[in-house]
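I hope they are handy while you have the coordinates open.

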Amino acid sequence: MTVQEMADKLMLHPLTQGDGMLREVSGCYIGDLLSWVMGRAKAGDAWLTVMGNVNAIAVATLADTACIVLTENAWLDEAAKEKAIQQEVAVLSTERNSYELALEIARLLGQGGA
């Protein structure tokens, strides 16, 4: 499933556009401590966080996550948005919390329970 397909199915709001929306999502990772995420998120994960700064964009790039989803209406600052566009990192937004969204993503990927 691509980031765009996930966004459409889960009604996520894209904050950036571009080729990043075509990345394949293969898993999900929740975390707000950037150094922790950098060492543990897997390539292709949808990364759920409230961190919308330029450092989060750098971590997403280093970890090769499929996208960043800002949960609980967290905001993306302007410098981070510009960097995300340059780096082709898809950033999406939702009012849901990370746990609820992770369950929905797992179900879409066939990784969740009933």
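1. Glu 72 sits in the loop between strand S4 (67–70) and helix H4 (78–87); here helices (H or I, at least four residues) and strands (E, at least two) are DSSP runs, numbered from the N terminus. The phi of Glu 72 is positive, near 55°, and the residue is not a glycine. Asn 73 is found in that loop between S4 and H4 too, and its phi is positive as well, at about 60°, although Asn 73 is not a glycine. Asn 73 is exposed, with a relative accessible area of 52%. For reference, buried means under 20% relative accessible area, exposed over 50%, and partly exposed in between (1.4 Å probe, protein chains only).

2. A word on the basis of these notes. This is a predicted model, in which local features need pLDDT of at least 70 and side-chain atom pairs count only at pLDDT 80 or more, while totals for chains, interfaces and linings use all residues. Residues are numbered from 1 along each chain as its sequence is written, and side-chain values use heavy atoms, with hydrogens and water left out.

3. On the overall fold, the protein has five helices and five strands. Read from the N terminus, the elements run α-β-β-α-β-α-β-α-β-α. The five strands form an open sheet with mixed pairing, in the order S1-S5-S4-S3-S2. At the edges are strand S1 (13–14) and strand S2 (27–30), each of which pairs on one side only. Two strands are taken to pair if DSSP finds at least two bridges between them.

4. Now for the individual pairings. S2 and S3 run parallel and are joined by four bridges; Gly 27 has Asp 45 in S3 as its bridge partner. S4 and S5 are likewise parallel, with four bridges. S1 pairs with S5 in the antiparallel sense, over two bridges.

5. Strand S5 (residues 90–93) is covered on both faces. Ala 90 and Leu 92 lie on one side, Val 91 and Ser 93 on the other, and all of them are buried.

6. What does the side chain of Ser 98 make a polar contact with? The partner is the side chain of Thr 71, at 3.0 Å. (A polar contact is a pair of N or O atoms within 3.5 Å; within protein, one must be able to donate a hydrogen and the other to accept it, and residues adjacent in sequence count only if both atoms are side-chain atoms.) Ser 98 lies in helix H5 (residues 98–108) and counts as buried, at 12% relative accessibility. Leaving aside neighbours within four places in sequence, Ser 98 is in contact (heavy atoms within 4.5 Å) with Ile 30, Leu 48, Thr 49 and Thr 71.

7. Lys 42 belongs to the loop between helix H2 (34–40) and strand S3 (45–49). Lys 42 is exposed, at 58% relative accessible area, yet touches Ala 63, Asp 64 and Thr 65, not counting residues up to four places away in sequence.

8. With a disulfide taken as a pair of cysteine sulfur atoms within 2.5 Å, the count comes to zero. Cys 28 is partly exposed, with a relative accessible area of 28%, whereas Cys 67 is buried at 1%.

9. A compact globule of 114 residues would have a radius of gyration near 13 Å, and the 12 Å of the protein agrees with that; the radius is taken over C-alpha atoms, and the globule rule is 2.2 Å times the number of residues to the power 0.38. The C-alpha trace spans about 40 × 25 × 25 Å along its principal axes. Of the 114 residues, 46% count as buried. Among contacts between residues at least 6 apart in sequence, 49% join residues at least 24 apart. The protein exposes about 5,900 Å², of which carbon and sulfur atoms supply 53%; accessible areas come from the Shrake-Rupley method with a 1.4 Å probe, and for residues only the protein chains shown count as cover.
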